[in-house]
Amino acid sequence: MDALVPPAGDAAPTETGTTASMDRRRLFYEGLLGSAVGGRYQLMRLIDFGSMGAVFAVRHKSDEQIRFAIKILDPELSVRDRRYVRRFLREARILKTVEHPNIVKVFEYGRHEPQDSDQTLYYYVMELIEGADGPPLTLHRYAQTRQLRMEEVAYIVTQILSGLRHVHAKGVIHRDLKPWNVLIDSEGSCKIVDFGLAKIPDSSLTDVDELFGTREYIAPELFYRGAREATPAADLFAVGRIFADLVDRVDFSSQGSGVFASKAAALKYLGAMLDRLAEEDPKLRFGSADEVLRVLEDFKQSTRCLLYT
């Protein structure tokens, strides 16, 4: 499930929806504007929506300022398959326990029964993430719309690893990390979102072994061992793919001479790190996000790749 719903034209490959169905959803969500969810949060602005749900900017009844956002699960999905509800609420429970600048923060969650509808709305309240010119961009879209430098790539990957280190310490494995599940805010900071498929300690849910997501970011062992067997190494595989994607988008012509004069020159420093992250055997990858961070820090120091640090 794509948290925070990627902006139009930026849907992950797994997200589908016909034009007619999306138009119907838009009308439904726009019809909710002005209503109060949970009796406290007034829906002020539709930030975005997709096949899985919608995100609104909201204000608390005790405050005139818009300081929060609400994510609402598509009510048709909640009726069609209760597994979507379980994943949605699991995501909310996970994020409510996490306090980290690179993980989206959730404050509360629940269900809402609109007075003029027989549809149940499952929701959670989270921090409002704003982009430079409106809604935040997914990392996928961000990388497509600007000329990246290696310094910026290193900064982005460092933030993703920092967030993963925090949740891994809590026994949480994301299992669906990809560029569409990383948001970039107005300050250029990363927020990891969409923990709906995460593996959590002592989970009793029956669907935690189901494999979803975007194929090229899924670790090989999850295909032949099952998602239940995911370890932090599975998330690190995804980091490696994201890292490689970003390096491919670096504008080396603007980097000048020296270490980053070309992609080939950069890979002399990065190649071993990327190859290890991409190992098919999870035991041959890095042992933890912290270990990758140490190697990345050495890389930044040795190449003076420190502009964004």
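Arg175 counts as buried, because its relative accessibility is 10% and the cut-off for burial is under 20%. The model described here is predicted. Arg175 sits in the loop that runs between H5 and strand E8 (182–184). Although Arg175 is not a glycine, its phi is positive, at about 70 degrees. For context, most residues other than glycine have a negative phi.

Asp194 also has a positive phi, of about 60 degrees, and is not a glycine. Its place is the loop between strand E9 (190–192) and helix H6 (220–225). Asp194 is buried, with a relative accessible area of 0%.

| Residue | Phi |
|---|---|
| Arg175 | about 70 degrees |
| Asp194 | about 60 degrees |

### The H5 and H7 pair

The crossing of the two helices is right-handed.

On the H5 side, the contact is made by Met150, Val153, Ile156, Val157, Ile160, Leu161, Leu164 and His168. Their counterparts in H7 are Pro232, Asp235, Leu236, Val239, Ile242, Phe243, Leu246 and Val247. Sorted by class, the contact of H5 with H7 has 14 nonpolar residues, one polar residue and one charged residue.

### The open sheet

Which order do the six strands of the open sheet follow? The order is E1-E2-E3-E4-E6-E5, with antiparallel pairing. Strand E1 (36–37) and strand E5 (106–112) are the edge strands, each pairing on one side only. In general, strands of a sheet pair through backbone hydrogen bonds.

Within this sheet, strand E4 (residues 68–73) and strand E6 (residues 121–127) pair in the antiparallel sense over five bridges. Ile72 has Tyr123 in E6 as its bridge partner.

Helix H1 (residues 19–32) packs on the sheet. H1 touches strand E2 (41–49), strand E3 (53–60), E4 and E6. The direction of H1 makes about 160 degrees with that of E2.

Terms used
Residues are numbered from 1 along each chain as its sequence is written. This is a predicted model: local features need pLDDT of at least 70, side-chain atom pairs count only at pLDDT 80 or more; totals for chains, interfaces and linings use all residues. Side-chain values use heavy atoms; hydrogens and water are left out. A crossing is left-handed if the near helix is turned anticlockwise from the far one by less than a right angle, and right-handed if clockwise. Helices (H or I, at least four residues) and strands (E, at least two) are DSSP runs, numbered from the N terminus. Contact means heavy atoms within 4.5 Å. Ala, Val, Leu, Ile, Met, Phe, Trp, Tyr, Cys and Pro count as nonpolar, Asp, Glu, Lys and Arg as charged, and the others, Gly among them, as polar. Two strands pair if DSSP finds at least two bridges between them. Axes are lines fitted to C-alpha atoms, for helices over the stretch in contact, and angles run from 0 to 180 degrees between N-to-C directions. Buried means under 20% relative accessible area, exposed over 50%, partly exposed in between (1.4 Å probe, protein chains only).
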